[in-house]
Amino acid sequence: MAEIEGIYIIWLREMKRFVRYRSRILTSVVTPLLWLLIFGTGLGSAIRFGGIPGGYQAFIYPGIIGQTILFTSIFSGVSVIIDRQYGFLKEILVAPIARPSIVFGKAIGISTTAVIQGIILLLLSFVVGVQMTPLIFIASILLMIPISVGLAGVGLLIASFTDSMEGFNLIMSFVVLPIFLLSGALFPVTGLPNFLQVTVYLDPLTYGVDALRHIILGQGAIPLHISVIVILVFAVVMVFLSALMFSKKEQELM
Amino acid sequence: MDYIIETNNITKKYGDFIAVNSVNLKVPNNSVYGILGPNGAGKTTLISMLCTILRPTGGSATVNGYDVVKNAREVRASIGIVFQSRALDDILTGREHLDMHASLYGVPGEIRKKRIDEVLDLIDLGEKADEYTKTYSGGMKRRLEIGRGLVHHPRVLFLDEPTLGLDPQTREKIWEYITKLNQEEDITVLMTTHYMEEADQLCDEVAIINQGKIIKSDSPINLKRELKADTITVKVNKPESFVQKVKTLDYVHKVFEDDSTIKLMVERGENLVPPLVNFANKNGIVVESIELQHPNLEDVFISYTGTSITEGR
Ligand SMILES: Nc1ncnc2c1ncn2[C@@H]1O[C@H](COP(=O)(O)OP(=O)(O)OP(=O)(O)O)[C@@H](O)[C@H]1O
Ligand SMILES: [Mg+2]
């Protein structure tokens, strides 16, 4: 009971931070729109992209949703480093609450904020001319939950190994951008050169984006059930690993 | 006697450097216990081990009867902590900090609101309780942190340099809170400080730490008494004959003459004022004024370490 209470309060703090940093909510919606409207329209008119009504813009729409979830989840996870610098992490870690509960509360808090952003983008589907039905809407949300939980786990895991925000640019270049670019958010994942094909399939977000594309556009490169399984396993493993690291490294984190 | 904290040769090494060296502490229940020492003496390291934040590299300690390594979780449930460095989230309000703390420590929902109001009352945040902590002054932040450490009725409250960096007025305010707290709540306070005055005013018992070692621990009064260095300053109508006669008394260690005032070095000076006045009267000398001065903890520190506490930096 006390654990659930603890998980809830850590989730609640995440919500409060999300709501109170208004500029973050704004950028989290404007940035994907810029991608869709400028990049999507620009590249879409330069290449011939058949097969999907709505063309290239519609094609990258699930990808951009994936991108938004990716950025929010990983950076919120990594922001534990800031909590640590402000000393606030100590206050949480010195409480008589299980370390996995802390990680879990944080992960579902981050996931909630990421999913809210995803929902806003789903509601804006008309901008790129994609049809939204209640079923698609709900299925997409259900899918976004494990994607964001898994990526939040990645962020938390990174945070448990990093002790200053100096590493922030490194994380951007070596983790976030590769995950984004390799995920097939911006291009079809079939018929790629071999080495690229392999790395694309190693990227967990590939399965997330492909599953979203399945649901929203009705077509994907990977069977839907496989993508869903990969995403679920990914989420469980990442949360488990970061919970393990937080338990093991608690002394260093405080 | 009942000890709420006991350490047994607790030690912390960083590589070859020994930050805390075989410390043995016995902190009586419901006392205010001070750990006094210069910068780098090992105060934070010691307190962190007792709070389960750092693992000792040697020895052991119990807090509220629980081992700080083996029963870390029970220790955590028994204590409240105010860290030396600030540990607030600037985008939460004071009340939210207390509420979050109450949840993390499993304070039952029914009594939570009442308890938080009680604590807010004690720390006197007033209207500010519902504003973001980034708008707080240094003293308010400190008070909030002390209050937060109390929300879950801990058996022990650890305060690491509670008044560091605060102006004298705020410092005195915080002293008032700590005293009030010790009177109103059933709690032991373990605090570190490098302010002599603070240790002297607040603590029932003080341990002097230097370079990782406890040099001496006792009540401030005993520590000072042990220096055997009370000073009695007297003004009399016949200084010369008084000095001659007073030198013969065996409880007077030394006599200094300074114009019309005479300084006598004695032990336990508080018992000696009446006999000295009587003695003078018997010898036909009139005492115009008499004043007693105890040594301060600074003198104690110097006598045990050979340096003053501020030089130790
Ligand atoms: N992580 C660490 N690695 C190496 N040495 C350390 C570490 N932490 C502390 N020390 C050293 O241990 C000694 C004791 O430090 P500590 O912080 O306990 O001192 P303190 O008495 O709290 O001082 P202050 O009054 O400045 O807070 C210092 O010499 C410090 O340099
Ligand atoms: Mg310190």
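Hi everyone. Two packed helices are described by the angle between their axes and the distance between the axes. For the angle, we take it from 0 to 180 degrees between the N-to-C directions. Please keep in mind that this is a predicted model.

Let's start where the two chains meet. Helix α1 of chain A, residues 2–20, packs with helix α3 of chain B, residues 94–104, at an angle of about 155°, and their axes are 8 Å apart. Angles over 145 degrees count as roughly antiparallel, so that is what we call α1(A) and α3(B). On the α1(A) side, the contact residues include Glu5(A), Ile9(A), Ile10(A) and Arg13(A), while α3(B) brings in Asp99(B), Met100(B) and Leu104(B), among others.

Now for the charges. Side chains of opposite charge can pair when their charged atoms come close. Over all chains, the structure holds 26 salt bridges. One of them runs between Arg73(B) and Glu3(A), with the closest N and O atoms 2.4 Å apart. That pair crosses between chains, from helix α2 of chain B to helix α1 of chain A. Arg73(B) is partly exposed at 39% relative accessible area, and Glu3(A) is partly exposed as well, at 22%.

Glu5(A) has a salt bridge too, with Arg112(B), and here the closest N and O atoms are 3.4 Å apart. Arg112(B) sits in helix α4 of chain B and Glu5(A) in helix α1 of chain A, so this pair also joins two chains.

Staying on helix α1 of chain A, have a look at Arg17(A). Its relative accessible area is 15%, so Arg17(A) counts as buried. Leaving aside residues up to four places away in sequence, Arg17(A) touches Asp89(B) and Ile91(B). Arg17(A) and Asp89(B) also belong to a network of salt bridges, together with Arg13(A), Glu14(A), Asp83(A) and Lys106(A).

Over in chain B, helix α1, residues 43–50, is mostly covered, with seven of its eight residues buried. Among the buried ones are Leu46(B), Ile47(B) and Met49(B). Just after that helix, Thr52(B) takes a positive phi of about 70°.

Last stop: the surface of chain A. Which residues form a nonpolar patch there? They are Ile229(A), Val233(A), Val237(A), Phe240(A), Leu241(A) and Leu244(A), with about 530 Å² of accessible area together. Val237(A) lies in helix α11, residues 224–248, and counts as partly exposed at 39% relative accessibility.

Thanks, and I'm happy to go back to any of these.

Notes:
Residues numbered from 1 in each chain as written. Chains lettered and ligands numbered in written order. Predicted model: local features only at pLDDT ≥ 70, side-chain atom pairs only at ≥ 80, totals over all residues. Heavy atoms only, no water. Patch = residues over 30% accessible without salt bridge, like charges linked within 9 Å, V, L, I, M, F, W, Y side chains within 5 Å. Areas by Shrake-Rupley, 256 points an atom, 1.4 Å probe, with all protein chains shown as cover. Salt bridge = Lys/Arg side-chain N within 4 Å of Asp/Glu carboxyl O. Helix = DSSP H or I, 4+ residues; strand = E, 2+ residues; numbered from the N terminus. Buried < 20%, exposed > 50% of the residue type's maximum accessible area, 1.4 Å probe, protein only. Parallel < 35°, antiparallel > 145°, perpendicular 65-115°, else oblique. Contact = heavy atoms within 4.5 Å.
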